[in-house]
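I opened the model today to look up how the chain is packed.

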Amino acid sequence: MALSEEQVLMDIEAAKKMISNIRRGKGSTDFSKYCLLYSRTNENVEAYMEQLKDSINDKKVLTVCSTGDQAIATAFYGAKEIDLFDCNRLSYYFAMLKIAALKALDYKAFLYCFYNKENIDFKAILHLYPEIARCMDDDAKLFWNSMLKSNWRNPLSFAFNYSSENKIITVDSINALPFLKEEDYNVAKDRITKSRINFEHCEMSNIPKNFSGGYGFINLSNIARYIEREKGLEFLIGILNEIDSKNLDDNGEMLFHYKWYNTDSSYTPHNEFERKFKSKILTFPSTTGDGKIDGVYIHSKKAS
């Protein structure tokens with residue numbers, strides 16, 4: 001068991017309390033130890049990982065846990081070891097549920113459970129859970145055995161689809177995630193089974209202290225923007241430089257900012273980032289499929 005039984009039992013009680021709050025209309029998306037999480041990414045993961053695959057294949061990777069999609073995608077691109085971090089403990093259990101389902105289910109069943117509707121299909125997951133549970137580690141199994149045997153209508157209500165101003169945004173997950181292509185699904189199943197996956201409950205600012213070095217690819221998604229808002233640019237630059245120094249491999253690359261829905265592909269780097277933290281920008285179509293452009297800021301250690 002990766003997590004102690006005592007810790008899992010604490011997480012179960014916290015999750016149940018949070019779901020009770022959700023049912024009373026008190027659910028919050030504020031990032032914390034126990035909070036709501038997205039059920040699927042709204043990033044065009046395939047677009048940027050395809051361009052960064054040499055830093056992922058046969059390498060050690062550190063990525064935000066979140067929906068589990070980034071972890072599965074790095075496995076698809078050949079990561080040999082995947083370390084997950086997140087400030088939200090519930091993200092680990094949800095990612096392990098999704099990964100176990102990938103291992104256990106055929107393509108159509110997996111798609112139906114997690115990606116075929118505006119949100120996950122709880123009834124389908126509950127029906128298929130005995131099969132999914134056979135592919136789970138003991139800590140995740142203890143959590144979900146308790147949660148799914150509860151009398152609540154939906155014990156998965158802490159995971160929801162991406163929304164803006166309370167309107168669901170349709171995300172083209174199949175084209176955004178390489179493992180959702182039917183012809184590549186079995187490749188994903190095989191590679192996720194071979195990858196070693198670890199989880200650390202950790203804020204991004206504690207990565208240098210909590211993780212070792214040697215990562216070929218580090219994926220911070222859009223967490224940096226929140227740190228900059230809360231603690232300022234100088235603090236953020238300091239953390240990014242620490243991660244570069246202590247955690248990134250000599251030829252490694254770090255995705256330190258994902259930017260959504262720009263109007264065109266001509267990104268102008270943040271002046272301070274350009275001056276203080278060497279980076280390049282990759283651009284590609286948004287997951288919304290409406291002609292908008294997303295982009296990622298990439299720092300390459302070999303170029304710094």
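I started with contacts (heavy atoms within 4.5 Å). Residues 24 or more positions apart account for 73% of the contacts in the chain with a separation of 6 or more. This is a predicted model: local features need pLDDT of at least 70, side-chain atom pairs count only at pLDDT 80 or more, and totals for chains, interfaces and linings use all residues. Residues are numbered from 1 along each chain as its sequence is written, and side-chain values use heavy atoms, with hydrogens and water left out.

Next I looked up burial (under 20% relative accessible area, 1.4 Å probe, protein chains only). Of the 304 residues in the chain, 54% are buried.

I then listed the secondary structure, taken as DSSP runs (helices H or I, at least four residues; strands E, at least two; numbered from the N terminus). I found 13 helices and 11 strands.

Then I turned to nonpolar cores (buried Ala, Val, Leu, Ile, Met, Phe, Trp, Tyr and Cys joined through side-chain atoms within 4.5 Å). The largest has 76 residues, and Phe110 and Trp144 are among those with the most contacts inside it. Helix 4 (residues 89–104) gives the most to this core, 12 residues. Apart from it lies another core of 23 residues, including Ile207 and Leu233.

Last, I checked a helix pair. Helix 6 (residues 122–133) and helix 7 (residues 138–148) pack at about 140°, with their axes 12 Å apart. I fitted axes to C-alpha atoms over the stretch in contact, with angles from 0 to 180 degrees between N-to-C directions. Phe122, Leu126, Tyr129 and Ala133 in helix 6 meet Lys141, Trp144, Asn145 and Leu148 in helix 7.

Technical notes:
Buried means under 20% relative accessible area, exposed over 50%, partly exposed in between (1.4 Å probe, protein chains only).
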